[in-house]
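Please look over the sequence and the 3D structure below before reading on.

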Amino acid sequence: MKRFSEQFKKKSESIRLRATERADLRDRLVSYMEYHPLPQNLRTPKATPKKRVSAGLASEPFRAISIHMAYIRGFAGVFAIFLVVGIPFIAEQSVPGDVLYPVKTHITEEVRASLKLSPYAKVEWETQRLERRVAEARLLASEGKLTAETEAKVAQAVKNHTSAAQQEIAQIRENDADEAAIAEITFASALEVQSEVLEGHIAKIAMIATDETESQEGTSVRALASVVSEVAEDAEDAQEAATPSYEKLLGGIEAKTTYAYELFESVQSVASPTEVADIERRLADVERKVASVITDNETPMIEAVVADIPEVIVEETGTSSEEIATSTSEVVAEEVPEETPVVVSFEKPAEKIDRIATLRTALKDLQKLISFMTQIDVRETVTVEELVPVTLTDEERTTAVQKQYAQANTYLDTIVAITTKSNVDEKVTFALAQLKDTQRLLDAAIEAGAVTDAEKYAAEFLALAEDAHTHAVTFQVDDSVETVLEEVATTTEEIIEELEDSGLETESTEEIR
Amino acid sequence: MSGQGKNDNIKGDHEERFLKAFEEYSDALFRHAFLRVSDRERAIDIVHDTFTKVWTYVRNGHEVDQFRPFLYKVLNNLIIDEYRKRKEASLDAIMEVDGIDEGTFDELSENTVESLAATLDGKKAFELLQELPDTYREIIVLRFVDELGPKEIASLTEETENVISVRLHRGLKLLRKAVEEKEKETQKKRTTKK
C-alpha cells in the first residue's frame with residue numbers, strides 16, 4: 001500500500017501548473033477580485049485599526065510598533081558587544097568624577113591586574129596604575145577641576161596602589177630576594193619620577209599664578225604631591241635596604257636597556273632633536289656605567305681565582321659577606337683620603353658594594369628614562385636633566401677639573417701679587433699655605449689619573465682660593481684706599497663674573513656625586 | 001471602487017487569506033482537475049472558476065474557516081458540471097452503476113483496499129488512470145493524489161463512507177485489471193514481433 005500510494009503520488013506530482021500558467025491564473029484572479037471587491041461593510045477588519053493608527057488620533061496613548069525579532073536580537077548583540085568592549089574603551093578616557101571612572105578603576109584595571117600572572121608584572125601594573133592616578137589628577141588640575149575631595153581620593157588610591165605593589169614585592173621576596181630588590185628599585189624610581197612631575201607641575205602653576213593672586217582652588221596638587229613624595233621617600237628607603245646580587249642586577253639592567261632602546265627608536269620620530277640627543281646621552285651614560293662595572297668586576301675576579309680559592313668562596317657567599325661589606329665600606333671610605341694602601345681582602349667586597357651601587361643608579365636612571373619616554377605628561381612637565389642628570393665621562397671630568405684648577409690658579413696669582421705688594425693678614429698667609437698643600441695633592445691626583453680624587457681636591461682648592469682671594473682683596477682695600485681703588489673695581493667685576501662661572505661648575509660637580 | 005489600486009485590495013485581511021489559499025492549493029486543485037477532465041486548459045479554467053466562486057461566496061459575507069475542503073467541494077461540483085456539459089449520457093450510466101449495491105464485506109474493509117493496493121504498481125496504475133470511469137477515478141484521485149481521508153471524501157462527494165470504500169475497492173480492482181491487460185498486450189506484441 002505504502003509503495004503504491006507513494007509511487008502514485010510521486011507520479012501525480014509531475015502534474016502541476018507551469019510558472020507562467022500559475023502567474024497568469026493569479027493575475028486573472030487578482031483582477032477578478034479588483035473588479036469584484038468586497039462590500040464596504042466587509043472591508044478588512046484588520047486594516048481598520050491600522051488606518052486609525054496612521055491617522056494619529058491625539059488620544060492614542062500607545063502605539064504598536066512591530067519590531068522584527070531578528071532586529072531585536074541583532075541590537076541585543078551589538079549592545080552586548082558595546083558593554084564588553086565599548087564601555088571600557090570609552091572609560092579609559094575618564095577622570096575622577098566621571099560616570100565611567102569606576103568602570104575604569106574597578107573593572108578594566110582590576111581585570112588587567114588579574115591577567116598579570118607573575119608578581120613582578122603585578123608590581124609593574126600597580127606602578128602603572130599609580131602613574132595613571134597621578135596623571136588623571138594633573139589633568140584635572142590643569143583644567144582647574146581638581147577639588148579637595150577628588151585630590152584626597154586620588155591620594156588614597158596612590159597609597160592603595162603603593163601598598164598593593166609592596167605586598168607583591170613582599171611576595172616576590174619569599175621566593176627571590178634579588179628579584180624583589182630589583183622590583184623595589186624600579187618601583188622607587190617610578191615614584192620618584194611621579195614626585196618630580198608633581199613638583200614640576202606645582203612650579204608651573206606657581207609661575208602662572210604669580211601675577212594674579214587668585215586662589216589656587218582646583219589647580220593645586222600640593223596635597224597629592226606631598227603624599228607622593230612621602231611614598232617615594234619610603235620606597236627609596238626600602239630600596240636602599242634591599243641589596244640585589246650583582247648578576248641579577250646586571251640581568252635586570254640588560255632587559256631594561258633593551259626595552260629603553262626600543263622605546264628610544266619609537267620616540268625618535270616624535271621627540272624634538274634636543275630631546276633625542278638628551279636621551280641618547282643618558283642611555284650612553286648608563287651603558288658606560290655598566291661597562292665600567294663589568295670591566296672592574298672581571299679583573300679582580302680573575303685575580304681572586306688565581307690568588308686564593310677560599311677568598312672566592314667568601315666573596316660569593318652572598319648576603320653574609322655583603323653585610324660585612326657594608327661595614328668594611330665605611331672603613332674604606334675613611335681610609336681612602338689618607339691614601340693608605342688598603343688590604344686586598346678588604347677591598348674586594350667594598351668594591352663590589354660600589355659596583356652594585358653604580359648598577360643600582362644605572363637601573364634607576366634607566367627606569368626614569370623609560371618613564372620619561374613612555375609618558376607624555378612626564379615629558380611635558382619635567383626635563384630629562386631634572387630626572388637624570390648628565391653623567392660626565394672621565395675626560396669631561398678631567399677638563400672640568402683643569403678648568404677649576406686654572407681658575408683657582410688665577411686667584412692664587414692675585415693673592416700672591418697682593419701679598420707681595422702689601423702686608424697681609426695672618427689668615428691669608430695661613431690660607432696660602434693650605435692652598436699650596438691642596439695644590440700638591442691635586443697635582444698628584446691628576447698625575448695618578450684618579451678622577452674622583454682630583455675632582456674633590458679641585459673643588460676644595462677652588463673654594464679655598466676664592467675665600468682667600470676675597471679676604472685678601474678686602475684687606476688690601478682697607479690698607480691702601482685711593483690708589484688701588486679703580487684697579488680693584490675692575491678686578492672685582494671680573495671676580496664676580498668668575499664667581500658666577502665657578503659657581504655653575506661646582507654645582508654640576510656636586511650633582512655628579 | 002474599481003479605480004482602487006491593486007495593493008489596496010490585496011492588503012486587507014480577507015484578500016490576504018484568500019490569496020494565501022490560492023498559493024497553497026492552486027497546484028493541488030489543478031492536478032485534481034487535470035486528472036479528472038484530462039484537458040490542461042479546461043483544468044486551469046475550472047481552477048479559476050473555483051476561486052472566483054469562492055471569492056463571490058466571501059463577498060456575500062460568508063466566513064470561510066478552512067479553504068481546503070471548501071475549495072475541493074466547489075471544484076468537484078464544477079467538474080461534475082463539466083461532465084454534464086460534455087457527456088450527459090455517460091454520466092447517467094455512471095450513476096446507474098453506482099448505488100446498485102452497498103458492496104460485499106470485503107469491499108467495505110479498508111484493509112482489503114490496502115492489500116489490493118499492495119499488489120499494484122503505482123507508476124503503471126497512474127498511467128492507466130484515464131481508462132477508469134470518472135466515479136472511480138474521482139475517488140482514487142481524492143484518496144491517493146489529494147490524500148484525503150475516507151471521511152473527507154465522503155463529505156465532499158456527499159456519499160456515505162461505505163460507498164466510498166466500495167468505489168475505492170472496485171476502482172483499484174479495475175486498475176489492476178487494466179494493468180494486467182496492458183501487460184498481456186505488451187507481451188503479445190513482443191511475441192508477435194518475435
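What follows is a short briefing, grouped by topic.

This is a predicted model, in which local features need pLDDT of at least 70, side-chain atom pairs count only at pLDDT 80 or more, and totals for chains, interfaces and linings use all residues. Residues are numbered from 1 along each chain as its sequence is written, while chains are lettered from A and ligands numbered from 1 in the order in which they are written. The model scores ipTM 0.74 and pTM 0.42.

**Make-up of the two chains**

- Chain A contains 20 helices and zero strands; helices (H or I, at least four residues) and strands (E, at least two) are DSSP runs, numbered from the N terminus.
- Chain B has eleven helices and zero strands, so its pattern along the sequence is written α-α-α-α-α-α-α-α-α-α-α.
- Of the 513 residues of chain A, 28% count as buried; a residue is buried if 20 or more other C-beta atoms lie within 10 Å of its own, exposed if 12 or fewer, and partly exposed in between, with C-beta atoms placed from the backbone.
- In chain B, 34% of the 194 residues count as buried.
- Two residues are in contact if their C-beta atoms, placed from the backbone, lie within 7 Å.
- Among contacts in chain A with a separation of 6 or more, 73% join residues 24 or more positions apart.
- For chain B, the share of such contacts made by residues 24 or more positions apart is 71%.

**Confidence**

- The mean pLDDT (the predictor's confidence in each residue, from 0 to 100) is 70 for chain A, and 69% of the residues of chain A reach 70 or more.
- Chain B has a mean pLDDT of 78, with 76% of its residues at 70 or more.
- Within chain B, confidence is lowest in helix 1 (residues 6–11), at a mean of 46, and highest in helix 3 (residues 40–59), at 90.
- Over residues 1–9 of chain B the pLDDT stays under 50, and the model has eleven contacts beyond four places in sequence for them.

**Nonpolar cores**

- A nonpolar core is a set of buried Ala, Val, Leu, Ile, Met, Phe, Trp, Tyr and Cys residues joined through C-beta atoms within 7 Å.
- The largest has 52 residues, and Phe187(A), Val228(A) and Leu359(A) have the most contacts inside it.
- Several helices of chain A each supply at least two residues of this core, among them helix 6 (119–143), helix 7 (148–175) and helix 9 (222–241).
- Helix 8 of chain A gives the most to this core, with twelve residues.
- At least three residues of this core come from each of domain 3 (117–242) and domain 4 (288–387) of chain A, where the bounds come from an automatic or database domain assignment.
- Leaving aside residues up to four places away in sequence, Phe187(A) touches Val123(A), Thr127(A), Ala165(A), Ile169(A) and Ala235(A).
- A second, separate core of 46 residues includes Phe18(B), Phe30(B), Val47(B) and Leu78(B).

**Helix 7 of chain A**

- Helix 7 of chain A has 28 residues and reaches 41 Å from its first C-alpha to its last, close to the 40 Å expected at 1.5 Å a residue; the expected span is 1.5 Å times one less than the number of residues.
- Buried residues of helix 7 of chain A include Val154(A), Val158(A), Ala165(A), Ile169(A) and Ile172(A).

**Single residues**

- Most residues other than glycine have a negative phi.
- Glu147(B) has a positive phi of about 55 degrees although it is not a glycine, and Glu147(B) lies in the loop between helix 9 (134–145) and helix 10 (150–157) of chain B.
- Glu147(B) counts as partly exposed because 13 other C-beta atoms are within 10 Å.
- Glu158(B), also not a glycine, has a positive phi of about 60 degrees and is found in the loop between helix 10 and helix 11 (161–193) of chain B.
- Glu158(B) counts as exposed because it has 10 C-beta neighbours inside 10 Å.
- Asp467(A) is in helix 19 (residues 451–479) of chain A and is partly exposed, with 16 other C-beta atoms within 10 Å.
- Asp467(A) and Val428(A) are 39 residues apart in sequence and 9.1 Å apart in space, C-alpha to C-alpha.
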